[in-house]
Amino acid sequence: MYSTRYHKPATIDDALAALGAGDEAKVLAGGQTLLATMKQHLAAPSDLVDIRAIDGMSGVTVQDNILTIGAATTHAEVATNADVRQHCGALGQLAGGIGDPAVRHQGTIGGSIANNDPAADYPAAMLALGATIITNSREIAADAFFQGLFTTALDENEIITAIRIPCPAKAAYAKFNQPASRFALVGVFVAKTDMGARVAVTGAGEDGVFRHAALEAALSADWSESAAAKVAISADGLMSDIHASAAYRANLIGVMAKRAVAAS
Amino acid sequence: MKSEKAAKRREVREDQMTNVTMTVNGKSVSRNVPDETLLSEFLREELRLTGTHVGCDTSQCGACTVHVNGKSVKSCTTLAVALDGAEVTTIEGVANGELHPMQVAFNDNHGLQCGFCTPGMIMAGIDMVNRYKASGQELTADAIRHELEGNICRCTGYHNIVKSIQDAAAKM
Ligand SMILES: Cc1cc2nc3c(=O)[nH]c(=O)nc-3n(C[C@H](O)[C@H](O)[C@H](O)COP(=O)(O)OP(=O)(O)OC[C@H]3O[C@@H](n4cnc5c(N)ncnc54)[C@H](O)[C@@H]3O)c2cc1C
Ligand code: FES
Ligand code: FES
């Protein structure tokens, strides 16, 4: 690994100062993606600014049917949190299915969202639940946040501090694991919300996570497995790689959507 | 140009070292190490605790699993300098005069062959039993297989590892 300089600020202001001072500084959260990237020499940050010691960066609160989750809250904490379980069980179940126990003890929701891996689980939940990403300087709707493979609306040195999620009437996540990596080959998150049915798909899109308009229309009219089953899923814009063709992924979207509705 | 860069790197070297103090297997240790030092390197090269194995160095195999503040983590994917004040337990620290029940169970159930993955298996095993006990859930054979997702063994076929963890869970 290339050499780097480590910082552990206690406040957002100190974190922003450290990010601004380094010539190629990067935020460090759980490190479960970033450290691997550094080892492969795909990233060589001059400075690492660890945000985990900043007051208020982790933990879950619920008020007026809205969950607020600190950016540095680990996958294991989300998976076992009583408020998450009660108000948005699907999110807890999703978090408990990320990677393995050791990864879940360190990886964070903010890190996963900032990374926006096209096969990551959390981005699908954020889109389907109509979440709001809160940063040190502004609030960004999930619909505007995810902008393509590993690309988000975050500016350089902008820090996600929390995620706000309106609790859905019903929701579920169905993930078909890629057998080797256990990332989603296709994952579908369905949510019955005040804004109607919302359906987001991860693992399949050429441009990363996306909302599925046809499934949303069908489920808004009739929240049922059979309604989901009647939707013809196009393979246009879906990924083809050694793991699965676009047509195979299209079929899996339909299957996972049905499973998710059945589980909701 | 290149040597200028190297000179600059040497210049900043001093402030790319951090003095870190943590408790490892109950003993306080302090070292001044480069900031990019991984916990696996810190344990093996600074403390000579070579029971923690590095199988893949890419977060896949789990051979390097240790406990940080009571939770399993992959030490190859953790920065040592981030752990100032932390409590770390490695395979060398689980026996308390006598072997830990998880170690006994791996022995009794033939839960290892070459033994390379075993430190990680034992640390992951202890962690999962502790978590399931704390939440009052039953640790079934299925659950153990699921919990072992991040630990790879190239010898045993997992069957005896699952049996070992089940056996230990009944005795912990
Ligand atoms: C073996 C393994 C299996 C995995 N399986 C899955 C899986 O099944 N599904 C899945 O979704 N993921 C999976 N992951 C990825 C895992 O969820 C990571 O934890 C996550 O992608 C990154 O979170 P982190 O906290 O570790 O972030 P880091 O690695 O610390 O950072 C990742 C990136 O996000 C940036 N960043 C982090 N926090 C913030 C913030 N608050 N504000 C702004 N930028 C920030 C960093 O600068 C960096 O660019 C797996 C990882 C491993 C090692
Ligand atoms: S050496 Fe750390 S997971 Fe393989
Ligand atoms: S016993 Fe040889 S790798 Fe597991």
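In strand E2 of chain B, the bridge partner of B:Thr23 is B:Ser28. These residues belong to a pair of strands, E1 (residues 17-24) and E2 (residues 27-34) of chain B, which run antiparallel over eight bridges. Strands here, marked E and at least two residues long, and helices, marked H or I and at least four residues long, are DSSP runs numbered from the N terminus. Two strands count as paired if DSSP finds at least two bridges between them. The hairpin of E1(B) and E2(B) has two residues between the strands, and B:Asn25 takes a positive phi near 50° there.

Before I continue, please note that this is a predicted model, in which local features need pLDDT of at least 70 and side-chain atom pairs count only at pLDDT 80 or more, while totals for chains, interfaces and linings use all residues. Residues are numbered from 1 along each chain as its sequence is written, chains are lettered from A and ligands numbered from 1 in the order in which they are written, and side-chain values use heavy atoms, with hydrogens and water left out.

Let us take chain B as a whole. It contains six helices and five strands. Along the sequence, the pattern of chain B reads α-β-β-α-β-β-β-α-α-α-α. Its C-alpha atoms fill a box of roughly 60 × 30 × 25 Å along the principal axes.

I turn now to chain A and its sheets. In general, strands of a sheet pair through backbone hydrogen bonds, either parallel or antiparallel. One open sheet of chain A has five strands in the order E4-E5-E8-E6-E7, with antiparallel pairing. Its edge strands are E4 (60-63) and E7 (139-141) of chain A, each of which pairs on one side only. From one strand to the next, the twist averages 20°; angles run from 0 to 180 degrees between N-to-C directions, and axes are lines fitted to C-alpha atoms, for helices over the stretch in contact. Within this sheet, E5 (residues 66-70) and E8 (residues 160-166) of chain A are antiparallel partners over five bridges. There, A:Gly70 has A:Ala162 in E8(A) as its bridge partner.

Another open sheet of chain A has four strands, in the order E9-E10-E11-E12, again with antiparallel pairing. Why do strand E9 (170-177) and strand E12 (210-211) of chain A each have one side without a neighbour in the sheet? They stand at the edges, each with a single partner strand, so one side of each is left without a neighbour. Strands E10 (residues 184-193) and E11 (residues 196-202) of chain A pair over seven bridges in the antiparallel sense, and A:Val190 has A:Val199 in E11(A) as its bridge partner. Helix H10 (residues 213-221) of chain A packs on the sheet and touches E10, E11 and E12 of chain A, its direction making about 150° with that of E11(A). Helix H5 (residues 89-96) of chain A lies across E9 and E10 of chain A, at about 20° to E9(A).

Finally, how do the two chains meet? In contact, meaning heavy atoms within 4.5 Å, are 26 residues of chain B and 26 residues of chain A. Together the chains bury about 2,300 Å², 51% of it on carbon and sulfur atoms; buried area is the accessible area (1.4 Å probe) that two parts lose on being put together, summed over both. B:Glu36, B:Thr77 and B:Glu149 supply 23% of the area that chain B buries against chain A, more than any other three residues.

The interface of chain B and chain A has three salt bridges, a salt bridge being a side-chain nitrogen of Lys or Arg within 4 Å of a carboxyl oxygen of Asp or Glu. A:Arg182 forms one with B:Glu149, the closest N and O atoms being 3.4 Å apart. The side chains of B:Asp57 and A:Lys39 also meet in a salt bridge, at 3.0 Å from N to O. B:Asp57 lies in the loop between helix H2 (39-46) and strand E3 (65-68) of chain B, and A:Lys39 in helix H2 (residues 34-39) of chain A, so this pair joins two chains.
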